[in-house]
Amino acid sequence: MTDFGRPAGVDDGFGPRVEPPVYLPPPPTVPYPVAQAFGPTPAANDGFDPAPGTRLEPQGRRRESPWWRRNAHLDPWRDPAAPYWLGQGAIFAAGRPAQLDPAEDSEFDESQLAVPAPASEDAAPVGRARYGIRILILSVVIAVVAGAIGGGAGYWLTRHGSPGLHTSGVHLAQGGSPANRPPNSVAAIAKRVGPAVVSINVTTSTEAAVGSGVVIDKHGYVLTNNHVVSAAATGGSIVVTFSNEDTAKATIVGRDPVSDLAVLKVPTASLTVASLGYSKNLEVGDPVIAIGSPLGLQGTVTTGIVSALNRPVHVFDDAGTSDAYIGAVQTDAAINPGNSGGALVDASGRVVGINSATARLTSESQANGIGFAIPIDYAKRIAEQLIATGHAVHGSLGANGRSVVSGLQEGAYLEQVLPGKAAANAGLKNGDVVVVADGQPVQGFDQLVVVVQEHKPGDRISVTYLRGAARRTVDVTLSSG
């Protein structure tokens, strides 16, 4: 109780209450940049510049600010001791500033707000108001009369003036003979080959796609790209639309991811079969026509020329269902998504290629005027195998690699030669660079694969390769791919 008991002289447990001191913090200091920018100049007098003359102090009784309040001292931007107040702007006379006395400042003369206007001035607005009403009524009457006159004139012209504007016996002149379209014109070829090109609509549970196809046989076989129909191979529907807008369901006869080709079967009623040509007879600069369904626009015809031949192209899709190497016919005829599987036709109206791919700048944009088609000579051989057995076979080197430049020599660098396959049996090893295959210069691995796949298993081809500084040539018997 000694340590925690009541102090001496305290009966109720509480000592005398002490009021806390009132602490008013000093107003904050104005930042130096602000003071420099907005503060008084060195020649200022009480915060005001004297120019153009000494400031006139207000005369009369000093008036307390009407905005004064008891806690004004807490406002850091207010100077309670300032002798100036807010009123009208300073009046300058004879080049010297002056400020009105508060008693003369009309802004503070509230009695002026209650002074009524003289009776003599009140009669004029009434007269002006009455005169304005008369003008308004007169304007309305004039507008009504003018509208009636205009409407009557228009009605009369419509009834009685029509022979000058309208007549029922007009006959517009036509002349000229029908266009002369020779058999090898673009219009004639499109009319003849167009019905043999169909639109292919593929629908699955997760996607829908549109491509093209070419009727290559009277029994209902349609040649197209594997990447057009691969999504429906494991479940989905394929609907073919013909040029006359008839539709039919199609079934997959066979697919070949290695060549990116596939064959469908459709009903045989009212089929138009395309005539196949020979891609080996093409020359750079030959005119060609692309027919298909780009962006779903069925029967679209575009024209161009053969830009290059035997162009090695690696064709693949984002889903990984196609990963093919083709020795393509390059063309500048417009080819867009949906053209895949359509026909590339020569000047005689024969199919010389199956449109398959376009060059891309990025994953979202494609290059203009650079399209690729599978040569029909190669496509015909694959289609015959798919129709006969449902699958196709290709020659294989049995090695994986990449394109490389060895000194001044371009070639196909063999990264992995598979044991027991064609390359290993011929003595090729990892690190060899193939520079010639089947008599064709090899500038990259894509081109080597194209050359090999155009042969059948069991075919023998000559291969020239570099091993270090040594250049060697061997015969390779291709295995099956």
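Reply: Happy to. Helix H7, residues 445-453, is largely enclosed by the rest of the structure, because eight of its nine residues are buried. Bear in mind that this is a predicted model. Buried here means under 20% relative accessible area.

For another helix, turn to H3, which spans residues 186-193 and has Ala188, Ile189, Ala190 and Val193 as its buried residues. An α-helix has 3.6 residues a turn, so residues three or four places apart point the same way. The buried residues of H3 pack against four strands: E3 (197-203), E10 (287-292), E11 (300-316) and E13 (343-345).

Strand E3 leads us on to a sheet. This is an open sheet of seven strands, ordered E7-E6-E3-E4-E5-E9-E8, and the pairing is antiparallel. At its edges lie E7 (247-249) and E8 (251-256), each of which pairs on one side only. From one strand to the next, the twist averages 30°.

One of the pairings involves valine 240, whose bridge partner in E7 is alanine 248. A helix also packs on the sheet: H5 (residues 376-389) touches E5 (221-225), E8 and E9 (261-265). The direction of H5 makes about 50° with that of E9.

Definitions and conventions. Residues are numbered from 1 along each chain as its sequence is written. This is a predicted model: local features need pLDDT of at least 70, side-chain atom pairs count only at pLDDT 80 or more; totals for chains, interfaces and linings use all residues. Side-chain values use heavy atoms; hydrogens and water are left out. Buried means under 20% relative accessible area, exposed over 50%, partly exposed in between (1.4 Å probe, protein chains only). Helices (H or I, at least four residues) and strands (E, at least two) are DSSP runs, numbered from the N terminus. Contact means heavy atoms within 4.5 Å. Two strands pair if DSSP finds at least two bridges between them. Axes are lines fitted to C-alpha atoms, for helices over the stretch in contact, and angles run from 0 to 180 degrees between N-to-C directions.
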